[in-house]
Amino acid sequence: MRPAAVFSLLLTLVAGCSLSPARPPAGADASVELAAVPFFPQARYQCGPAALATVLAATSLPVTADALVDAVYLPGREGSLQAELAAAARRHGRVPFPVAASEEALVAELSAGHPVLILQNLGLDSLPRWHYAVVVGYRVDTAQWVLRSGRERRRLEGVRAFRRHWEGGARWGLVVLPPGQLPAVATPRVVAGSLAAAEPLLGAGATLAGWEAALARWPADADLAFGAGNSFRAAELPGEAFIHYQRALAIDPQHAATRNNLADLLLAQGCAGQARAALAPALKAVGADDPLGPVLAATAQQIEVAAGGSCKLPGDLAAE
Amino acid sequence: MLSRFLIVLQVIIFLAATAAVPARAAVVGNGDYFAPARAGQALGAAGAALARADVQAQLTALGVDPQDARARVAALSPAELAQLNARFDELPAGSSILGLVGAVFVVLLILELVGVTDVFSGV
């Protein structure tokens, strides 16, 4: 391409950028900055460990970026993958939640005291340069975001540049929290998925508080009551599990997975009759191609072969 | 070729080991129920074991210590495991370098100078 053509192309690009308004995110009516969030300057290519250490340390966890290198860094790619950052947070007893993909959600998280680890593309779509940073504030007066980024403790990024970088990273971000706390903006489905993913690493006992917090926020969500029930069952609290399964069925009597797990719980308590009654509506309603079908059938089978014994209803256990 | 063979061998051993265990209660676990529909569902127990071994091998091939690789893969959710297994090479690795050569470098430098990109100021 001739130099003149390159120049005119650049002019077009620059003009295109200046047309988009520097509109601040809705909800940002006051500046917010989480000044206490620590800073870990990144070593060469290692923004993943540095950004993860920042959000973990913000939850009062004593970690360093160096200690996280073996958990998230990929020498052959000279970088870190998003999924591995989430996985490493779980290994440190924290629950990672994907952030809602809007600037309004970022402001809401900051207002709730949650720094947000984000993926940015600092290059071009065709020639990306991926980078992790942590959003710790937003300034209304100058329309700038405040980031912990690379070797800058307090990087100020204008609204427009920030938007371009974050959109380049598909507006991906993580809120990393101690068990029992929830992000400011989320859907029940996202919260349930994050808690369920954390459970094998943290143990059911640790995620119980998260399920209860989620149920407190969305009391009419049958899936959350079901998830809480499973978590209580895994934590060997059958009485609480029973109560939560019943709660799920009170919200949604058609909740087949709850009927199945409740039946299994009742069977384990020696209550084959009650188990059969709990399962029957689900067995009747299940479709031929429903993936739950075989599970329901297996539970029904177990009920039929169960030896009669003394039935102790889990509700009695909860009262004890 | 050899690593492929080892993975298959590992899966066979895994399946043999799990088959020996008597059938457990038929409950629907949180891990299965709340996995995003598009990701984890297709992987059964065998598929998940294969994916786990595969991703672990990829991490090791990229210079991760084998012990670390095992612990890292174990901490992935079923959905994350499926994603890494399906598109490992396409996923962005934060802070990876560019293949900066000749003309590309010059173009980027110009874009940087006129403020379109922030390649050199963000490090």
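## A hairpin in chain A

Let's start with a pair of strands: S6(A) and S7(A), the latter covering residues 144-149, pair in the antiparallel sense over six bridges. Strands here are DSSP runs of E with at least two residues, helices are runs of H or I with at least four, and both are numbered from the N terminus. Two strands pair if DSSP finds at least two bridges between them. This is a predicted model, where local features need pLDDT of at least 70, side-chain atom pairs count only at pLDDT 80 or more, and totals for chains, interfaces and linings use all residues. Residues are numbered from 1 along each chain as its sequence is written, while chains are lettered from A and ligands numbered from 1 in the order in which they are written.

Within this pairing, Val135(A) sits opposite Leu147(A) of S7(A). S6(A) and S7(A) make a hairpin with four residues between them, and in the turn Ala143(A) has a positive phi of about 50°.

S5(A) runs antiparallel to S6(A), with six bridges joining them; Leu119(A) has Tyr132(A) as its bridge partner in S6(A). Strand S1 of chain A, residues 32-33, is also antiparallel to S6(A) and joined to it by two bridges. There, Val32(A) is partnered with Tyr138(A).

Where do we find Ala112(A)? It's in the loop between helix H5 (103-111) and strand S5 (116-121) of chain A. Ala112(A) counts as partly exposed because 15 other C-beta atoms lie within 10 Å. Ala35(A) is 77 residues away from Ala112(A) in sequence, and their C-alpha atoms are 14 Å apart in space.

## Where the two chains meet

Now for chain B. The contact takes 55 residues from chain A and 40 residues from chain B, with two residues in contact if their C-beta atoms, placed from the backbone, lie within 7 Å. On chain B's side, the elements giving two or more residues include helix H4 (66-74), helix H5 (78-87) and helix H6 (102-113). That side divides into 24 nonpolar, eleven polar and five charged residues. Nonpolar means Ala, Val, Leu, Ile, Met, Phe, Trp, Tyr, Cys and Pro, charged means Asp, Glu, Lys and Arg, and the others, Gly among them, are polar.

Key
A residue is buried if 20 or more other C-beta atoms lie within 10 Å of its own, exposed if 12 or fewer, and partly exposed in between; C-beta atoms are placed from the backbone.
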